[in-house]
Amino acid sequence: MEKIFTPNKWFVGFCALLIVVVATLKVVGDMHLAELASEVGKDVFIWEWPSMGLSSRCMSMKSHVLRRDANDAVVEVTGRQIIAKLGQDNKMKEEEQPEAKAVLTFYRRSNKWELGKVELK
């Protein structure tokens with residue numbers, strides 16, 4: 001049997017370049033989604049209730065993509081949450097909570113990621 005196709009250096013180079021481009025697009029897409037999740041995570045973990053004298057802030061926010069498909073993605077956001085309570089002497093007392101976690105589910109709509117669900121852990 002005769003060989004019909006033999007790969008040469010140009011074909012191998014093109015395939016390698018194609019693999020690098022696809023991998024780079026996946027990494028950049030995950031980074032964009034993680035940044036979007038960090039912004040949403042700030043809205044979840046940072047809040048203020050002046051009527052009750054409570055407020056919260058978050059330190060060292062981290063996010064990473066757990067799963068991403070063509071239409072949905074799951075991202076875990078973690079950070080150290082610090083809750084401040086207004087005491088009887090009108091001074092804020094801060095309590096550092098253990099690591100706060102939230103799992104965010106995003107859905108793609110019109111080629112944009114939109115928040116669908118938030119699960120606090």
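What follows is a walk through the fold, the core and a few individual residues of this chain.

The model is a predicted one, so local features are taken only where pLDDT is at least 70 and side-chain atom pairs only at pLDDT 80 or more, while totals for chains, interfaces and linings use all residues. Residues are numbered from 1 along each chain as its sequence is written, and side-chain values use heavy atoms, with hydrogens and water left out.

Starting with the overall layout, the chain has one helix and five strands, where helices (H or I, at least four residues) and strands (E, at least two) are DSSP runs numbered from the N terminus. Read along the sequence, they come in the order α-β-β-β-β-β. The radius of gyration is 23 Å, well over the 14 Å that the globule rule gives for 121 residues, so the chain is more spread out than a compact globule. (That radius is taken over C-alpha atoms, and the rule is 2.2 Å times the number of residues to the power 0.38.) The C-alpha trace spans about 90 × 25 × 20 Å along its principal axes.

Of the contacts (heavy atoms within 4.5 Å) between residues at least 6 apart in sequence, 46% join residues at least 24 apart.

The largest nonpolar core holds 13 residues, and Leu33, Ala37, Phe45, Leu104 and Phe106 have the most contacts inside it. Helix H1 (9-45), strand S3 (72-86) and strand S4 (92-109) each put at least two residues into this core. Such a core is a set of buried Ala, Val, Leu, Ile, Met, Phe, Trp, Tyr and Cys residues joined through side-chain atoms within 4.5 Å. Ala37 touches Ser63, Val75, Val77, Leu104 and Phe106, leaving out residues up to four places away in sequence.

Beyond its neighbours within four places, Ser38 is in contact with Met61 and Ser63. Met31 also belongs to helix H1, but with 56% relative accessibility Met31 counts as exposed. Met31 and Val65 are 34 residues apart in sequence, yet their C-alpha atoms are 8.4 Å apart in space.

Two residues other than glycine turn up with a positive phi. Ser60, in strand S2 (residues 54-68), has a phi of about 45° and is partly exposed, with a relative accessible area of 44%. Asn111 has a phi near 65°; Asn111 lies in the loop between S4 and strand S5 (112-120) and counts as exposed at 63% relative accessibility.

Finally, there is Leu86 in strand S3, partly exposed with a relative accessible area of 40%. Leu86 and Ala100 are 14 residues apart in sequence and 21 Å apart in space, C-alpha to C-alpha.

Technical notes: Buried means under 20% relative accessible area, exposed over 50%, partly exposed in between (1.4 Å probe, protein chains only).
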